[in-house]
Each structure stands twice: as structure tokens, then as C-alpha cells.
Amino acid sequence: MPPYPRFMTLNAPITLDHPIAPERLIRGAPISGALSSFENNDKDFYCGQWAANEGAWRVAYTEDELCVILSGSGKLVADDGTVFPFTAGDAFVIPSGFQGVWDNSEPVRKIYAIVE
């Protein structure tokens with residue numbers, strides 16, 4: 001089969017079934033889930049949708065990620081204290097090496113595209 005475009009259904013339900021590891025928790029008991037849409041043959045690029053409920057947890061990125069926030073709001077807080085607020089309609093890139101806290105002030109849903 002030839003390579004064809006892949007489409008995402010943006011209103012498809014996402015099952016929240018991945019609790020954040022206890023050692024990473026900062027606030028709340030957030031649970032996340034994802035819908036994968038594409039992964040290339042080299043498995044170094046993939047995209048889909050992700051959702052998580054309210055809460056905050058530590059993150060350490062080893063990949064580059066494009067995020068497009070579909071709903072909800074929150075902030076990224078870098079280890080140096082710099083705050084990056086986000087809300088529905090925002091798009092941003094988190095570069096490999098970023099360390100800090102992902103903090104959802106309400107449930108968040110995003111499109112992600114990741115390059116390892």
C-alpha cells in the first residue's frame with residue numbers, strides 16, 4: 001500500500017488509564033491517556049493526541065515535541081522558575097533537555113508530534 005496521509009479525529013474519546021508515577025507527582029493524582037495516530041518506520045517520529053486531568057508532575061524531555069493545545073489550560077515551569085502558561089489554541093515546542101513541571105490547572109487535551 002502506498003504511503004497515504006493519516007487523519008486524526010479530534011473529538012474521539014481518550015481513555016485516561018496511565019497514572020503519573022508517584023515519584024514524579026507534585027500536585028494531585030493526574031491520570032493521562034493517548035491516541036496514537038502515526039509512527040514512522042524508524043520509530044523516531046510519532047504523533048497523536050494526549051489528555052490528562054488536573055495535577056502537576058515533573059518532566060524531563062529527551063525528545064523534541066510540538067504541542068497544540070485543543071482544550072484546557074496549565075503551565076510549564078522550568079527548573080529555573082521560568083513559567084510558560086498555555087491554554088486552548090496555543091502551540092509550542094518543548095525542546096529535548098527541558099526539565100521542570102507540567103501543571104494542568106484543568107483537564108488538558110493536546111495534539112503531539114515527537115521527534116526522538
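## Cysteines

Cys 47 is buried, with a relative accessible area of 13%; buried denotes under 20% relative accessible area, exposed over 50% and partly exposed in between, computed with a 1.4 Å probe on protein chains only. The structure contains 0 disulfides, a disulfide being a pair of cysteine sulfur atoms within 2.5 Å. Cys 47 is in no disulfide, and the nearest cysteine sulfur, that of Cys 67, is 13 Å away. Cys 67 is likewise in no disulfide, and Cys 67 is buried with a relative accessible area of 0%.

## Basis of the values

This is a predicted model, in which local features need pLDDT of at least 70 and side-chain atom pairs count only at pLDDT 80 or more, whereas totals for chains, interfaces and linings use all residues. Residues are numbered from 1 along each chain as its sequence is written, and side-chain values use heavy atoms, with hydrogens and water left out.

## Aromatic pairs

A pair of aromatic rings is described by the distance of the centres and the angle of the planes. Rings of Phe, Tyr and Trp (its six-membered ring) pair if their centres lie within 6.5 Å; planes under 30 degrees apart count as stacked, over 60 as edge-to-face and the rest as tilted. The structure holds 6 such aromatic pairs. In one of them, the ring centres of Trp 50 and Trp 57 are 6.3 Å apart and the planes stand at 55 degrees, so this pair is tilted. Trp 50 and Trp 57 are both buried. Ring pairs join Trp 50, Trp 57, Phe 86, Phe 92 and Trp 102 into a cluster.

The rings of Tyr 61 and Phe 98 have centres 6.4 Å apart and planes at 65 degrees, so the pair is edge-to-face. Tyr 61 lies in the loop between β5 (55–60) and β6 (64–71), and Phe 98 in the loop between β9 (91–94) and β10 (99–104), so the pair ties together parts that are 37 residues apart in sequence. Strands here are DSSP runs (E, at least two residues), numbered from the N terminus. Tyr 61 and Phe 98 are both buried.

## Charge over a ring

The charged end of Lys 110 sits over the ring of Trp 50, 4.7 Å from its centre; this requires NZ of Lys or CZ of Arg within 6 Å of the ring centre and within 35 degrees of the ring normal.

## Strand β9

β6 and β9 run antiparallel and are joined by 4 bridges, where pairing requires that DSSP finds at least two bridges between two strands. Val 93 in β9 is the bridge partner of Leu 66. The covered face of β9 carries Phe 92 and Ile 94, and the uncovered face Ala 91 and Val 93.
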